Amino acid sequence: MLARYSTIFIYAVLAIFFYTFLSNTATFQDIWSWWQTILISVFIDNGKFNFYLYYMTTFTIGLLIHQGLLAVLVCPKSTLLAPNFKYPPISFSVLIAMAYYYLTAEQFNDLKYLISLLIGLSVFPTLSLFKTIYNRLVTTKGEVSEVDRPTLSPLQISSSDNILRTINDEKGLKNIALCGKYGVGKSTTINHVLENLDNKYVHCDVELWGVKNPSIIHYVLDKVIKSLSRYINMSAFLRLPEHYLSAFSETGKASKFFSILLSAATDPEAELHRLDNTLNLCGLKLVITIQDLDRNSDAEASLEELAGLLDRMKNLKNIIYIFAAENKPIFADTISRVCSLQEDLPPPDLSREIRELENTINIALPESYFKAFIIDGAEGLELGPTLVNELIPDYRSWQKLKSEAESLLVSNLKGEIYTYDYLVLRALKSNEPAIFEIIERVLLGQISKDINTVEKLLKHHLPAHTLNHKNVLIKTLEYFSFAGPNVIWHRLSDQEFKKTTSEQRDKDTYFIHESDRKDLLFPRNARYIDIFATSSPKEKLLPIYELLTNAFFSNPSDIRKLIEKLQEAEKTLWLEALSTIGNTLLYHQSAKEESIRSLLTQAIQIKSSQVSYKALDALKITSSTIVIHGATAANSPALTYLISDKLVDDIKNNIEFFTCETSSALGKILQDIELLKRQFTSGFENVSTKLVADKIFELFLGKSPHCYAILISILDSDNRKDPWLDQIIDNIDRIEKLLSAKVNSDFVLAYIQMYPEYSFTHNYVKGKLEEAKHRVLNKLAALKKAYKQNDTATE
């Protein structure tokens, strides 16, 4: 410290000496006389000296001097007002010389002139100081910054604690390597370390992405000087990068002698030790963080170049460096040589964050919203969180996905797509685009049925695949219930199945098959792909859910609105929603009986027989609904109504609106109840549709022309699994007798009334009905013969 003050004093004396010497030379006196003439012409007006103009001039000169000193790192902004007195800036010598001049000059001995000059020198440092104080107040005010600060994982916290312990340890080396793949949180860990360091630590951030090899040493040292210049005067080290590099380039050359004469350092370690001693004198420690070198194309050569500098720094007590990079094999030896501590960050485990994101998204939806959808293949869905976690390689990818999901799934796509379906597909698109393209083809049904194994799928659509590609594809197909071990695509015929070898059918082969998932959030069409293309579908599911919920649980009069929607041009989504969301809600314990009665009767009355059929078909209770509700579905008001005489009364009152399609849909509703009763025995012991089905079929055997037309249509249909087959067999004799009557005009008009959407002529319909009647009689005869033979064989 004494040497530094002595140097400053000597510089000040030399400055005064040279000024005094020059002021006595004729040339300098001529220049000074010329300058005074200019000053007199400027500052003296009408014989009076303009002091205010003089003060402003000296103030401006102070500003210019400060900027000039700042340009050569002689007078840093933050050190002029609060200098480090252990290592004062060289500008002190300038101030001493100027003070001596102003205090001894005969012309201007007023202290005001010196003050105006000093004010000019201190303006920019003062502004810089105020800016620093303001930024600190804004940062510490409130808890806003804490909210935005990324949460560290346990592994990141452990690594940062180890690094802090190493840095604060007065003994031992402080050369640290922080290794991990891009985006795993190296920068976040480093920031956490820096936030917990004392004020004596000066941070120098060195980002080497894009820095070319020849200039990398110069770039690092230049960054070091500029970082330290904020706290201490670095004019003595201004040429450190050139001195360091010249020490190697001039070694063994004749020019080395001239370098010594010009004070160019020839010992790199001496230069660095001089810097280390200066830091020790000032009570400061330098922390250099070196990042992103591994992202350069010439990373290996750049690291070799940088390794020499780091190796010379590792024994310095006041210079610490943290080298952050991916621990690739080409870096391993160099890292172990120049770093005494190595901390490794593995890929992140985001299980907790993924669950929290799911809760954040779902909380914006009605309670149990997704449970209203029919979701088969629950085992596949359970893979969702795990699969998303595996598909996200780093925190940066996670932050991007999280931000996008929070933005879209609570606004434009709110309730439109199952949370994990979206996360899986979006993670695939960002991180595994080749697999996403395959999954996209699967969703669109563009995969040939000949491609019935994962191996064939990869060979055809991704020949240059890796083992990771295969594993990701299998897990994604499993999640969407598109693949499983020893499962054959159900569209294969028996012959095609026989062509598959036993090796193909072993437990290690994953077969592609039609997805078992039938939920509305994953339909067998391009809806998902459309969502990814537009991020805002024309028709949305949430309003449909809200209408169905109101109609089934609180306001049955809203059934009229639903029926109107089912008859609009854009009715596809409403029909799908009724068979999925509506089915689950309809068989809920809290649903109103009045709602299903109103829905069934109004669906029968829809003029379009096709729409009427689809609306009634959507009311069939499904296995998914029973899985969701359990045995309580057997006691639901809807199922109780469907096996009661109330249903028979409603059919009787609306028999004139029946068609072949509506009668078939009604038969399937009753038939599926019996089928599911056998599958789910618990709670369904007292459920039976036999009596209700018999009574309804008895209505079809009525003598009215309309009933006759219904019966002809039912019997002449191509449905091999006719839901009324049991009733037909039980009433064959009665049906044959009924059909012996001739087809007359009343029958024709009744048939035309059944299908108002078609344009029929009277004679055409009469001819078709006569043909249908004969076909039905032949069918009945064959059916009666087949059952008699069965009875004989049984006996």
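The questions and answers below walk through a sheet and a pair of helices in a predicted model.

In this model, local features need pLDDT of at least 70 and side-chain atom pairs count only at pLDDT 80 or more, while totals for chains, interfaces and linings use all residues. Residues are numbered from 1 along each chain as its sequence is written, and side-chain values use heavy atoms, with hydrogens and water left out.

Trainee: Which strands stand at the edges of the open sheet of five strands?
Mentor: Strands are DSSP runs of E with at least two residues, numbered from the N terminus, as are helices (H or I, at least four), and two strands pair if DSSP finds at least two bridges between them. The sheet has parallel pairing and the order 4-5-6-3-7. One side of each edge strand has no neighbour in the sheet because each has a single partner strand, and these are strand 4 (201-207) and strand 7 (341-344).

Trainee: Which residue in strand 5 is the bridge partner of Cys 204?
Mentor: Strand 4 and strand 5 (residues 285-291) run parallel and are joined by seven bridges. In strand 5, the partner of Cys 204 is Ile 288.

Trainee: Are helix 29 and helix 30 roughly parallel or roughly antiparallel to each other?
Mentor: Helix 29 (residues 593-604) and helix 30 (residues 609-617) pack with their axes 8 Å apart, at an angle of about 160°. Axes are lines fitted to C-alpha atoms, for helices over the stretch in contact (heavy atoms within 4.5 Å), and angles run from 0 to 180 degrees between N-to-C directions. Angles under 35 degrees count as roughly parallel, over 145 as roughly antiparallel, 65 to 115 as roughly perpendicular and the rest as oblique. Helix 29 and helix 30 are therefore roughly antiparallel.
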